[in-house]
Each structure stands twice: as C-alpha cells, then as structure tokens.
Amino acid sequence: STFLCTLPFTVALLQDDSGVQRAVDQRYKEFAQTKFATPSKSNPESKKEGEMNTKPSQKLSEVRVLLVEDHRMAAMAVRSSLEELNCSVDWAQDAQGALNKAKSNAYDLILMDIGLPDVSGTEVSVQIRAHEKNNNQPCVPIIALTAHVDEAAQQTCLEAGMSTVINKPATAQQLETILNMF
C-alpha cells in the first residue's frame, strides 16, 4: 500500500514575518499602522508591537469568499480557517467552476490558486476582471495563492488584476490579515 501524507507548514516561505506579498500601497501602510499598534502603558490589553489580533473582527462575519483550489486537502484547510473567521466560503476546484461562481454570485474576496489544472489562476483572474468591466461591476479583490513566489510570478499576478499574492499554505493569521486589508 502507498500512503500520501500532507503536512501543513507553519513557517512562511517568504522572508517577511507575515508571509504576505503585497504591492506597496497606502492602504497596506494605513492598515499596518492600525493593526500592529505600539503597546499602551495605560491599556493592559493592548497588543505588543507586531502582535496580531487573533480574535475575528465583527467585519469578518459578513465576508463571502470564493476559494479556488484544485487540491482538496489544501482547500479544506483554507476553508476551515476562513470559517473560523466567520466567513461564508464557496469552493471551486477548477477554472470553469471559478468563472461560473464568480459570474453568478457576489463575493467580497476571491482566493485563487494560480496553478489550476485546466487554466492558470492568472488567466481566470483576467477573465473575471473582463466580466466585471463589461458588466459595470466593482472589482472584487483577488488574492493569488501559490507555493512559488518570486518577483516575476508576483508581477504576473498583479498584471492579471490580482490584488496581492500569499504563500501556500496560507495560515489563519495571513487569512485574517488579508480579510482585514480588503
């Protein structure tokens, strides 16, 4: 018999503390300044510098997420983390399923694996952006999920209309950061 064992990583694959790759923009700077507050002597419950708030915010209970991931175990792990953050999650295993769901449902956020078996996640993102533009719909943030982040891959994702790139496996902390950013 042959057994396959999948072990989740607990260390980010990137060199930064969050494992989140992002385009440098004012929105993230503002978010980081409020999320990673300096401790307050007058407030004993304030967070230490760099410490994340691990409690789901009220805002997160309203977030509807489309998760596009072809690997069942990876999808289950991300879905579980998102549901712990009180998100409603729809799952698509391939490009066609992702396009169908994105066109027929309203999502607050899309998590897109870029290595899909039928069409790349970047191409799916281009098609979603075209649909949004043609139908005068707002752009839903699309977050690229990948195990291989380099500058060229990140640039390709951003040029395809994706909002940012995070490493797989995504941690609960990364997901909460993304949810709060967008």
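Modeller: A word on names comes before anything else. A helix here is a DSSP run of H or I with at least four residues, a strand is a run of E with at least two, and numbering starts from the N terminus. The model is predicted.

The chain has six helices and six strands. Read from the N terminus, its elements follow the order β-α-β-α-β-α-β-α-β-α-β-α. Of the 182 residues in the chain, 39% are buried. Among contacts between residues at least 6 apart in sequence, 62% join residues at least 24 apart.

Helix α2 takes in residues 72-84, which is 13 residues. From its first C-alpha to its last it reaches 18 Å, close to the 18 Å expected at 1.5 Å a residue. Four of its residues, Ala75, Val78, Ser81 and Leu82, are buried. These residues lie on the same side of α2, because they cover an arc of only 130° around the axis. The face turned away from the buried side of α2 carries Arg72 and Glu84, both exposed.

What do the buried residues of α2 pack against? Their partners are the strands β2 (64-68), β3 (88-92) and β4 (109-113), together with helix α6 (172-181).

Take α6 first. Two packed helices are described by the angle between their axes and the distance between the axes. For α2 and α6 the angle is about 60°, and the axes are 10 Å apart. That angle makes α2 oblique to α6. The crossing of the two helices is right-handed. On the α2 side the residues in contact are Val78, Ser81 and Leu82; on the α6 side they are Ala172, Leu175 and Leu179. Val78, Ser81 and Leu82 are also among the buried residues of α2.

Next comes β4, which holds Leu111. Leu111 is buried, with a relative accessible area of 0%. Apart from neighbours within four places in sequence, Leu111 touches Val78 and Leu82, Leu175, a group made up of Val65, Leu66, Leu67 and Val68, and also Ile143 and Leu145. The C-alpha atoms of Leu111 and Ile178 are 9.9 Å apart, while 67 residues separate the two along the chain.

Pro169 is in the loop between β6 (164-167) and α6.

Now for the end of α2. Just after the helix, Asn86 takes a positive phi of about 65°. Asn86 is not a glycine, yet its phi is positive. Its place is the loop between α2 and β3. With a relative accessible area of 42%, Asn86 is partly exposed.

In α3 (residues 95-104), the buried residues are Ala95, Gly97, Ala98, Leu99 and Ala102. They pack against β2, β3, β4 and α4. Strands β2, β3 and β4 were also listed for the buried residues of α2.

Helix α3 and helix α4 (residues 121-134) pack at an angle of about 20°, with their axes 10 Å apart. That makes α3 roughly parallel to α4. Their crossing is right-handed. Ala95, Ala98, Leu99, Ala102 and Lys103 of α3 meet Val124, Gln127, Ile128 and His131 of α4.

Helix α4 also holds Ser125. Ser125 is buried, with a relative accessible area of 0%. Leaving aside neighbours within four places in sequence, Ser125 is in contact with Met112, Ile142, Ala160 and Met162.

Asn136, in the loop between α4 and β5 (142-146), has a positive phi near 50° and is a residue other than glycine. Asn136 is exposed, with a relative accessible area of 72%.

Definitions and conventions:
Residues numbered from 1 in each chain as written. Predicted model: local features only at pLDDT ≥ 70, side-chain atom pairs only at ≥ 80, totals over all residues. Heavy atoms only, no water. Expected span 1.5 Å × (residues − 1). Buried < 20%, exposed > 50% of the residue type's maximum accessible area, 1.4 Å probe, protein only. Arc of directions from axis to C-beta. Contact = heavy atoms within 4.5 Å. Axes fitted to C-alpha atoms, helices over the stretch in contact; angles between N-to-C directions. Parallel < 35°, antiparallel > 145°, perpendicular 65-115°, else oblique. Left-handed = near helix turned anticlockwise from the far one by under 90°.
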